[in-house]
Amino acid sequence: MQRHVTFPQITLVTPDAAMSAEVYGGRAKCLQRLIRLDMPVPLTVALSFDTVRDIAQGRMPDIGAIMAPFGFAPLLSVRPSSLDPDWGGPGAILNIGMTQERHDALAATAGLRAATSLYLRFIQCYAVQVARLDPEPFDLPDEPTSEALRSMLAAYEAETDEPFPQDPALQLAEVLRSMARTWDGTTARLLRQAKGAPADAGLGLVVQAMALGVGRGESGSGVIQFVDGETGEPRIIGRYLGQSQGREALRDKRDAIPIICDDGGPCLERVAPFAVRELLEHGGRGRERLREEMQIEFTLESGRLRILDAVRVPRGARAAVRIAVALAQDGVIPREEAVLRVDPGALSTLLHRQVDPEAPRDRIVSGIAASPGAASGRIVLTAVDAQASAARDEPCILVRRETTPEDIRGMHAAVAVVTVRGGITSHAAVIGRGLGLPCVVGASDLEIDRRRRVVIAPGGRVFAEGDVITVDGTTGDVLAGEAPTIPAALDEAFRTLLGWADEFRDMGVRANADTPQDARLAHDFAAEGIGLCRTEHMFFEGERIGMMREMIFAEGAAARRAVLDRLLPMQRDDFAALFRIMAGKPVCIRLFDPPLHEFLPSDRQGLRDLAEGLSRPLSDVEARVEALREYNPMLGLRGVRLGITVPEIYEMQARAIFEAAVLAGQDGEPVVPEVMIPLVSARREVELVKARVDAVASAVRAESGLPFTYRLGVMVETPRAALRAAEIAQHAAFLSFGTNDLTQMTYGLSRDDAGRFLGTYVEQQVFEEDPFHTLDLDGVGELLQIGAERGREGRPDITLSICGEHAGTRRAIEFCRRQGFDYVSCSPYRVPAARLSAAQSAIEDAINSHS
């Protein structure tokens, strides 16, 4: 039976005091742990979340009871203590209790300059942060003189019509009230909610005796940490700010010296070696007992060390991985905890170059961060120009209103892509993530003037073709010029962490891969196969698009087959390369999906070139293009509908798949290809395609004299397919849910156009999140659940997966694990994050089941 503990609203922090981070906040609990580790922490009183809520609503606690433990005329500090330090909070306020009387007493022991400097700083802080006065009259003077002090006190009285408060209890009460109300304010609430805090998150406050760092002996203040916050490598980092001549005023921060000597200059190690030894001991003990790398704030007061606070070392993604792995390898934490400590979303920043966070940013425009990483290059406005630039070895950035499949060659040639239109699952975003190409979409404030060949940015800034810009696909910023970048960080710690993740996860992770380059990435990132190969992307390479156009204009099935027979060897080589790279791992190939008009030019010059290439009158070409035009092509003649009405395409692809499987199987691991039918909505569609694919398989077996097997499945992208999954599954070995189209059709939203208004919808809480970015568990999720349950009814051994862009997210992975899905398939660069997310979900379930 769990023991019920009643916590006081205000408590003196001692080793055995009843303390909980859920009641007093993480800082208060951490200070108690430091005290338990025998660190010299100044006397501290903690105020609970409920107490601070009461203060914000005007119900003040007994200030005398708070101050009583500190004795006569104390100097105090107040710091925030939220449950999670990443949620932020009001800034600390120091030197509470500084009055004219206290100033005079301190001047006698620490010197007039030091006492005056401390008093000036407190008046400034109190005036601006507590009294909410205009900061300009309270700028700190260059020299802390008595005249400057009188001037600042007069400024306070002039602004408030009353003298600066000389009652320490009143000062403390006003500080507590100000900090409580700041936390309760709308701005602070929105900021912490953006960082993942619940709307009703509480704030605790800690009131602590000041350790001033002033005195007759060696005195000062500093901060020390024992790892690099960017790289995670062991390294003593910190600065110490001492007193001039050992007993006068605190020096300017620019005069701070390092903790450890790395050259012949001054450092704390030379000034106070005993203090450094003590800090190193505290740091090592804190790492072992607190199970974390800590940043320690300290003071020296006449040679006496005081520890004011210790917080988790602020760290980037690279350091987070290395620190977690090092703690586990040293036996400080178990491997499971190391896996849980790293944010999966942060891994993507380690796979690509990033804009240096310390570098200045000349932002041109912001859009949707669609594919992470950073790259600089010259602006080009067409795919053809991108290819020409790549041929000259000139990095270029393709800027388009929106991309189409025809732009894929240009995207391959570019180092980054920017589009004016589009959302997180638009063509540019999906292909960008697949290629590992930094990509910003939905930059709607940009205007492309194709006639002048310039890009017009907000404020009238004009960038001509050839100008250099930088794309930050991690933040969604487009920057002027070439911004400094830092390299990717696929180091040993990264591989070790993911190796541990694979030990704990119980769900498969595959990659979406359309090319051998994609497949090699998938293999390098330890994907367990290819879960989606979009074959239509292969038709835009080199001479193939010309053949596709020739096939579209062919008269009758025989003429179409003649053209497709020329494409067959190319498709076969594509598939054989994928099979060989994946070395026996499953490869799921989606049959042709897009409408045919995507392979035809849309501009007048392109139509003329096509007519010339086909030796046809321009009028015939225009008539054929017009005949293929649809009002809503994404809901028209595409996917399985095209496979049934123009069966020659699927027959050619099936033959290419099976012949490639025979070839790859002869010189490597046996291949069992998976053939997936897209955009199914009825059982009969599957029956018709399956009959044709089976016939092709039989023919290839007879011709090759070699046996092989394959698995045929369905891509569930329509609501009807999810609802009729029981009967569809009777003819399918697997169901793979394509959540991009399924979301689009469930909501009735265009994933390419909805970005224009989805921000407003989310802001006004029509939708909780952008459904193309975050899987909608209520609507789309219910269809996934229904489809999975009914699919198992029709075929108990059915394999279930999702292969849309949601598949690499923690939310989707957790949902799919609960529904018993077998695997997820995402872009290659999302595979590491998916592996980590799947492991974290499994570990947390195991922990919850035992609690």
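View A. A salt bridge is counted where a side-chain nitrogen of Lys or Arg lies within 4 Å of a carboxyl oxygen of Asp or Glu. The model is predicted, so local features require pLDDT of at least 70 and side-chain atom pairs count only at pLDDT 80 or more, while totals for chains, interfaces and linings use all residues. Residues are numbered from 1 along each chain as its sequence is written, and side-chain values use heavy atoms, with hydrogens and water left out. R150 and E147 are three residues apart in helix α7 (residues 146-160), and about one helical turn therefore separates them. Helices (H or I, at least four residues) and strands (E, at least two) are DSSP runs, numbered from the N terminus. With a relative accessible area of 52%, R150 is exposed; the classes are buried (under 20%), exposed (over 50%) and partly exposed (in between), for a 1.4 Å probe and protein chains only.

**View B. E536 and R590 form a salt bridge between distant parts of the chain.** The N to O distance is 2.5 Å. E536 belongs to the loop between β25 (530-534) and α20 (544-553), whereas R590 belongs to strand β26 (residues 587-590), 54 residues apart. Both E536 and R590 are buried.

**View C. A salt bridge connects the side chains of D593 and R638 at 2.8 Å, N to O.** D593 sits in the loop between β26 and α22 (604-614) and R638 in the loop between α23 (618-628) and α24 (640-645), so the pair ties together parts that are 45 residues apart in sequence. D593 is buried at a relative accessible area of 6%, and R638 is buried at 1%.

**View D. Five strands make up an open antiparallel sheet in the order β1-β2-β5-β3-β4.** The edges are held by β1 (10-12) and β4 (93-96), each with a single partner strand, so one side of each lacks a neighbour in the sheet. From one strand to the next, the twist averages 25°. Strands are taken as paired if DSSP finds at least two bridges between them. Three bridges join β1 to the antiparallel strand β2 (residues 44-47), and T11 stands opposite A46 in β2. Helix α2 (residues 26-36) packs on the sheet, where it touches β2, β3 (76-82) and β5 (203-209), and its direction makes about 115° with that of β3. Contact means heavy atoms within 4.5 Å. Helix α8 (residues 168-184) lies across β2, β3, β4 and β5 and runs at about 20° to β3. Axes are lines fitted to C-alpha atoms, for helices over the stretch in contact, and angles between N-to-C directions run from 0 to 180 degrees.

**View E. Strand β31 (residues 823-826) is covered on both faces.** Y823 and S825 on one side, and V824 and C826 on the other, are all buried. Strand β24 (residues 508-512) pairs with β31 in the parallel sense over four bridges, with R510 opposite S825. Strand β30 (residues 799-802) also pairs with β31 in the parallel sense, over two bridges, and I802 stands opposite V824.

**View F. Two residues other than glycine, A73 and S302, have a positive phi.** Most residues other than glycine have a negative phi. A73 has a phi of about 45° and lies in the loop between α4 (63-67) and β3; its relative accessible area of 30% makes it partly exposed. For S302, phi is near 55°. S302 lies in the loop between β9 (294-301) and β10 (304-312) and is partly exposed, with a relative accessible area of 42%.

**View G. F757, Y761 and V766 form a nonpolar surface patch.** Together the three residues have about 250 Å² of accessible area. F757 is found in helix α30 (residues 755-763) and, at 33% relative accessibility, counts as partly exposed. Patches are made of residues with over 30% relative accessible area and no salt bridge, with like charges joined within 9 Å and nonpolar side chains (Val, Leu, Ile, Met, Phe, Trp, Tyr) within 5 Å. Accessible areas come from the Shrake-Rupley method with a 1.4 Å probe; for residues, only the protein chains shown count as cover.
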